[in-house]
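The sequence and the structure come first.

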Amino acid sequence: MKSLGLLVVGMAAQVSSLTSFSQHVGDHMVLQRAPEKSGIYGTLNSTGTPTVTATVTPIGGGTPYQVTGRVSGSNWITYLNPTEAGGNYTISVTCDGCLNDGPNTIQLNDVTFGDVWYCAG
């Protein structure tokens with residue numbers, strides 16, 4: 001019975017978030033540096049035609065930039081411009097047209113761009 005209560009609480013918390021990052025995306029992460037583009041993705045709740053925009057802001061100076069993502073059903077993805085190695089960046093993703101009266105914004109903090117390697121054995 002205790003696990004059922006926990007399941008209901010978890011579902012309620014998930015539904016209240018209109019826009020969210022995938023579980024593979026989070027604060028303090030490293031994204032692939034230039035010359036490649038890095039993709040970030042997640043889910044959203046919408047009944048209309050939402051627009052997803054990501055804003056990449058260098059902390060401590062530099063020029064922020066924005067890119068528009070693609071939405072397919074309840075999933076979104078955006079590809080960031082190739083960014084030179086280094087960090088500290090903040091990435092804000094805004095969903096305009098989600099199930100609320102205004103834009104819904106989520107944020108990643110302390111993001112660094114560098115070499116990302118996937119290894120399998």
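Apart from neighbours within four places in sequence, Ser-22 is in contact with Tyr-41 and Gly-42, where contact means heavy atoms within 4.5 Å. The model is a predicted one, in which local features need pLDDT of at least 70, side-chain atom pairs count only at pLDDT 80 or more, and totals for chains, interfaces and linings use all residues. Residues are numbered from 1 along each chain as its sequence is written, and side-chain values use heavy atoms, with hydrogens and water left out.

Ser-22 sits in the loop between S1 and S2. Ser-22 counts as buried because its relative accessibility is 14%; buried means under 20% relative accessible area, exposed over 50%, and partly exposed in between, with a 1.4 Å probe and protein chains only. Val-25 is found in the loop between strand S1 (19-21) and S2, and with 12% relative accessibility Val-25 is also classed as buried. Val-25 and Ile-40 are 15 residues apart along the chain, and their C-alpha atoms are separated by 7.0 Å.

## Chain overview

Helices (H or I, at least four residues) and strands (E, at least two) are DSSP runs, numbered from the N terminus. The order of elements from the N terminus is α-β-β-β-β-β-β-β-β-β.

Of the 121 residues in the chain, 31% are buried. Among contacts between residues at least 6 apart in sequence, 65% join residues at least 24 apart. The chain exposes about 7700 Å², and carbon and sulfur atoms supply 54% of that area. Accessible areas come from the Shrake-Rupley method with a 1.4 Å probe, and for residues only the protein chains shown count as cover.

## Pairing around S4

Strand S4 (residues 51-58) runs antiparallel to strand S8 (residues 86-96), and eight bridges join them. Two strands pair if DSSP finds at least two bridges between them. Thr-57 has Thr-90 in S8 as its bridge partner.

S4 also pairs with strand S5 (residues 65-68), in the antiparallel sense and over four bridges. Here Thr-53 has Thr-68 in S5 as its bridge partner. S4 and S5 form a hairpin with six residues between them, and Gly-60 in the turn has a positive phi of about 90°.

## Backbone geometry

Which residues does a cis peptide bond join? They are Ala-34 and Pro-35, with omega of about 15°. Pro-35 lies in the loop between S2 and S3.

Two residues other than glycine have a positive phi: His-28, at about 65°, and Asp-110, near 60°. His-28 is in the loop between S1 and S2 and is exposed, with a relative accessible area of 59%. Asp-110 is in strand S9 (residues 104-114) and is partly exposed, at 32% relative accessible area.

## The largest pocket

Rolling a probe the size of a water molecule over the atoms shows where empty space is left. The largest pocket holds about 200 Å³ of space. A pocket is found on a 1 Å grid over the protein atoms alone, as an open set of points where a 1.4 Å probe fits, with protein on both sides within 12 Å along at least five of seven lines; lining residues have an atom within 4 Å of a point. Grid points are joined across faces, edges and corners, and the volume is the space filled by probe spheres set on the points.

The lining consists of His-24, Val-25, Met-29, Val-30, Leu-31, Gln-32, Lys-37, Ser-38, Gly-39, Tyr-41, Val-116 and Tyr-118. Strand S2 (30-32) and strand S3 (38-44) are the elements that give two or more residues to this lining. By class, the lining has seven nonpolar, four polar and one charged residues; Ala, Val, Leu, Ile, Met, Phe, Trp, Tyr, Cys and Pro count as nonpolar, Asp, Glu, Lys and Arg as charged, and the others, Gly among them, as polar.

## Trp-117

Trp-117 is in the segment after S9. Its relative accessibility is 71%, so Trp-117 counts as exposed. Trp-117 and Gln-32 are 85 residues apart in sequence, with 8.8 Å between their C-alpha atoms.
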